[in-house]
Amino acid sequence: MLKTSEDTLDPSDWNAFRLQGHQMLDDMIDYLEHLRDQPVWQPMPEEVRHSFQQALNDGQHDLKSAHAIFMKDVLPYALGNVHPGFMGWVHGGGTPVGMLAEMLAAGLNANLGGRDQAPIEIERQVVQWVRELFNFPETASGLFVTGTSMANLLGVLIARTALLGTDVRHKGLTADNRQLIAYTSADAHISLVQAMDIAGFGSDALRMIPVDEHHQMNIAALELAIAEDQKIGLTPFFIAGTVGTVGVGAIDNLQSIAELCHRKNIWFHVDGAYGALAMLAPDIAPRLQGIERADSIAFDFHKWGQVPYDAGFILVRDGELHHSTFASSAAYLKRGPRGMAAGSPWPCDFGPDLSRGFRALKTWFTIKVYGAEKLGQVISNTCALAQHMKLRIEAEPRLELLAPVALNIVCFRYRSTDANRVNADIVVALQESGIAAPSTTTLNGQLAIRAAIVNHRTTTSDIDALIDATLALGSCAARRACS
Ligand SMILES: *Cc1c(COP(=O)(O)O)cnc(C)c1O
C-alpha cells in the first residue's frame, strides 16, 4: 500500500515516497544508459497482453508493485523508438533531458490554457524562437498542439477564415456559395486528407497533385488543376507543400508554390512535420528556401527535434487572423488587467484546446540544454547516415535503391523474383530479430524496406547492422526459411 494521508492522495511518509521515486528515476536512467544492450523491439508474450485485462477494483494499490509491473511488463515491450536501431515510420528518439523536463512539468501540473503564469512565458519564448528560426515577423503567432495532424487541421481552418471571414464560424460553410478547394501532392501525409474531412470540406475537395521523379509536387500539374477548378467556378483556397514527405523524405519546391500562392491569392501552408526543423542544420536549411514565405507551418518537435512525445506546433504569419479563427468569449474565461486573469491573449484563443499541458517546458529544456546548433548537427548527421546507407546499398548487387535519398529516409529492397513477399518477410524478421527496425512502404507497386533515420543515437554501426541483417535474412526469406 502507498500510505496516504487520511484526506488526500499525498503520501503520509514522504521519505519512503522519495526513496521509491529515486528508484524509479534510477531505473529509467539505467534504461537509457544501456539501451544498446536491449533489442530494439520484441513481441509481447500473450500472458503479458492478458495481464492488462484486470477488473477496475483489483484490490492492489501500491506504488512499488505498480512500478514493478511497469518494469516487467511495459518497458520491455514498448515500440523501441528510443533505441538507436529504430528506423521505422518517422519516430523521435527523445532525450534524457526531455525526460527530466517531463517530470518537472508533471510536478507543476500547469494548465497552459491561459491566465498569468510563467509557464505561458516559456511557451511564448519558444514561439519567439520559432519565429526567429523561420524568419517570421513579430506579429506571427504560434501554438503547441499534439502533433502535425492537429496543426494541419488548424492550418486548414485558419485559411478558411482568411477567405470567408469570421462569419463562417457562426454561419457555417454552406452560408457562402463558393466551394473551396485545396491542393497537395500525391505523396502528402494522410492527415491533410483528414483535415479536409474534419473541417467540413470533405476530402474530395483536396486535389492530390502528381509528383515528379524526385517525388516533388509537379508544379505544372498543380497550376493546371487550379486553372481547371477556377474554370468551373470552384475557389482554390489552400495549398500544402511538404518538407520531408513521409514516404521518401522529398522536399516540395517551396519557392514555386509560394510564387503561385502569391499570384493566385491562395493560402500557402507547409507540412514540415519532421522536415521543417532542418532549418536548424546549416547544410540543409538552404534547401527549404521559400518556407519563410509560408502563411502557416505545421511541424513536430517530437520527431527531428528529439523532444519527447507529444510536441506538435503551428506557426502562423498573421497572428491576428489566427486569433480571430479560434478566440471565443465566456464569462468564466473573462480577462483582467491584473490578477491571475491577466495576460490576454491566452493560448486557448489560438486553438480548440482549453486545458493544455506544459509541452513547452520539455521543448525549452531541449533547446536550452543542447542548443540549436547541436540539434542541427543531429539533423545533419541523420542525413549523412542516410547517404552512408545509400552507398552501401549501391555497392551491394543483391540490394537496390527504390527512391532518391533527399534527406534521412532510404527506401530499398532485396532483389528477388518474388520481391514484394520476400521484402515484407525481411522487414518482419528484422523487427523480430531486435537488431534493427525499419518499416515498409509501397513505391510504384513495389514494396520497399523503408529506413527513416531520426534518432540522435543512431550511428554508422546501426546502419551497417541493418544492411548486414537484411542480406542475411534475404537469402532465408527467399527460401521461405526465416524462422
Ligand atoms: C508525422 C507526419 C505527420 C503527422 O504528424 P503527427 O505528429 O504524427 O500528428 C504529418 N505529415 C508528415 C509529413 C509527417 O511525417
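Keep in mind that the model is predicted: local features need pLDDT of at least 70, side-chain atom pairs count only at pLDDT 80 or more, and totals for chains, interfaces and linings use all residues. Residues are numbered from 1 along each chain as its sequence is written, and side-chain values use heavy atoms, with hydrogens and water left out.

**The ligand and its surroundings**

- Who sits around the ligand? The shell consists of G147, T148, S149, H189, S191, G244, D271, A273, Y274, D300, H302 and K303, where being near means having a heavy atom within 4 Å of the molecule.
- Sorted by class, that shell has 2 nonpolar, 7 polar and 3 charged residues. Here Ala, Val, Leu, Ile, Met, Phe, Trp, Tyr, Cys and Pro count as nonpolar, Asp, Glu, Lys and Arg as charged, and the others, Gly among them, as polar.
- D271 has a polar side-chain atom 2.7 Å from a nitrogen atom of the ligand.
- The side chain of D300 has an N or O atom 2.6 Å from a ligand oxygen atom, and for the side chain of H302 such a distance to a ligand oxygen atom is 3.0 Å.
- On its own the ligand has 380 Å² of accessible area, and the protein covers 85% of it; these areas come from the Shrake-Rupley method with a 1.4 Å probe.

**The cavity**

- Searching the whole structure turns up 1 cavity of 30 Å³ or more. On a 1 Å grid over the protein atoms alone, a cavity is a set of points where a 1.4 Å probe fits but cannot get out, while a pocket is an open set with protein on both sides within 12 Å along at least five of seven lines; lining residues have an atom within 4 Å of a point.
- The largest cavity has a volume of about 80 Å³, a volume being the space filled by probe spheres set on the points, which are joined across faces, edges and corners.
- Its lining includes D187, A188, H189, T242 and V243, and by class the lining has 5 nonpolar, 4 polar and 3 charged residues.

**The largest pocket**

- This pocket holds about 1,100 Å³ of space.
- Its lining has 38 residues, with M24, L25, M28, M99 and M103 nearest the centre.
- Two or more lining residues come from each of α1 (14–33), α3 (63–74) and α4 (96–108), and α1 gives the largest share, 10 residues. Helices (H or I, at least four residues) and strands (E, at least two) are DSSP runs, numbered from the N terminus.
- The lining splits into 24 nonpolar, 10 polar and 4 charged residues.
- Why does the pocket lie between domain 1 and domain 2? Domain 1 (19–49 + 62–95 + 375–483) and domain 2 (111–327 + 336–357) both give residues to the lining, so the pocket lies between them. The bounds come from an automatic or database domain assignment.

- Y309 and D310 are joined by a cis peptide bond, with omega about -15°; D310 is in the loop between β7 (296–300) and β8 (312–316).
- The bond from S344 to P345 is cis too, with omega near 0°, and P345 is in the loop between α11 (319–326) and α12 (359–370).
- H215, a residue other than glycine, has a positive phi near 65°; you'll find H215 in the loop between β4 (206–209) and α9 (219–231).

Definitions and conventions
Polar contact = N/O pair within 3.5 Å; in protein donor to acceptor, adjacent residues only side chain to side chain.
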